[in-house]
Amino acid sequence: MPGWFRITLYRSAIGLPERTHGVLKALGLRRRMQTVFHPVEPQFAGMIMKVKELVLVEEVDRPKTNWEVKQERTPEPGFYVEKPAPRDGGRVLQQLRQLGNVKAGEVDEEVRL
Amino acid sequence: MFGPFRFTNPLSGGLLWKIPWRLSRFQKLRQRRRLRAVDNVVATLDEALAKKGETLKALERWKAEMPTEAQMLPKDKYTLFDRSAKRYRKGIHKLPKWTRVSQRVNPPGY
């Protein structure tokens with residue numbers, strides 16, 4: 001099972017030598033935060049070595065498609081409603097529970113302070 | 001003393017750039033993070049190639065010559081050698097593109 005390098009361009013090469021731009025172009029990196037996959041081979045390792053200050057590298061088992069990479073950073077669709085938390089962090093509620101005034105089930109709007 | 005014609009440095013001398021002579025502690029923090037990021041990339045390459053039994057001349061040379069972030073002295077992380085500077089050191093932020101180039105070692109003898 002050959003490994004793969006997952007390479008993300010983290011810093012731009014603007015203002016750096018022309019050779020650096022060429023290496024990024026050869027790796028297929030055109031814009032910041034773009035991710036490409038290349039097999040673990042000395043030729044690709046050498047290219048990464050040339051731009052090691054600009055990229056983030058991981059070793060992964062298989063290359064992901066562009067769609068899969070995008071899914072990683074896409075949030076879940078829709079929304080959910082959060083319940084309001086008691087303002088004192090629940091301390092009064094705890095004390096009431098310890099005193100036996102409130103049972104575990106009936107924690108609701110009346111008790112919220 | 002006051003008013004539009006007061007003698008301040010920028011008014012009497014023209015252009016005055018105020019580049020601090022040393023890094024702030026936040027700049028130093030980010031500098032350490034960048035050093036560590038480069039160390040991580042090199043370590044990843046080394047591990048991946050070692051699994052396949054391969055190696056790389058540039059990688060071997062880097063490992064032989066360059067200290068990691070933890071091995072470096074603060075002096076080398078935040079300053080660099082300059083033959084014309086007082087006491088031969090100046091802030092690393094004077095180096096062009098200093099956040100995107102590797103500058104870790106000193107010339108022999110310094």
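How many bridges join strand 1 of chain A to strand 3 of chain A, and do they run parallel or antiparallel? I looked it up in what is a predicted model: 6 bridges link strand 1 (residues 4-9) to strand 3, and the two run antiparallel. One pairing I noted is A:Leu9, which sits opposite A:Val55 of strand 3 of chain A.

Next, the whole sheet. Chain A has 3 strands in an open, antiparallel sheet, ordered 2-1-3. Strand 2 (35-39) and strand 3 (55-60) of chain A are the edges, each pairing on one side only. Neighbouring strands are turned by 25° against each other on average, ignoring direction. Helix 2 (residues 42-50) of chain A packs on this sheet and touches strand 1, strand 2 and strand 3 of chain A. I get about 25° between the direction of that helix and that of strand 1 of chain A.

Then I moved to the interface. I find 21 residues of chain B in contact with 21 residues of chain A. The two chains bury about 1800 Å² between them, with 70% of that from carbon and sulfur atoms. B:Val41, B:Leu45 and B:Arg100 supply 35% of what chain B buries against chain A, more than any other three residues.

Last, the polar side. There is 1 salt bridge across the interface: A:Glu59 meets B:Lys51 at 2.8 Å, N to O. I also get 6 residue pairs in polar contact between the chains. Helix 2 (25-51) of chain B gives the largest share of chain B's touching side, at 9 residues. By type, that side divides into 11 nonpolar, 4 polar and 6 charged residues.

Conventions: Residues numbered from 1 in each chain as written. Chains lettered and ligands numbered in written order. Predicted model: local features only at pLDDT ≥ 70, side-chain atom pairs only at ≥ 80, totals over all residues. Heavy atoms only, no water. Contact = heavy atoms within 4.5 Å. Buried area = accessible area lost by both parts, 1.4 Å probe. Salt bridge = Lys/Arg side-chain N within 4 Å of Asp/Glu carboxyl O. Polar contact = N/O pair within 3.5 Å; in protein donor to acceptor, adjacent residues only side chain to side chain. Helix = DSSP H or I, 4+ residues; strand = E, 2+ residues; numbered from the N terminus. Nonpolar A, V, L, I, M, F, W, Y, C, P; charged D, E, K, R; others polar. Pairing = 2+ DSSP bridges. Axes fitted to C-alpha atoms, helices over the stretch in contact; angles between N-to-C directions.
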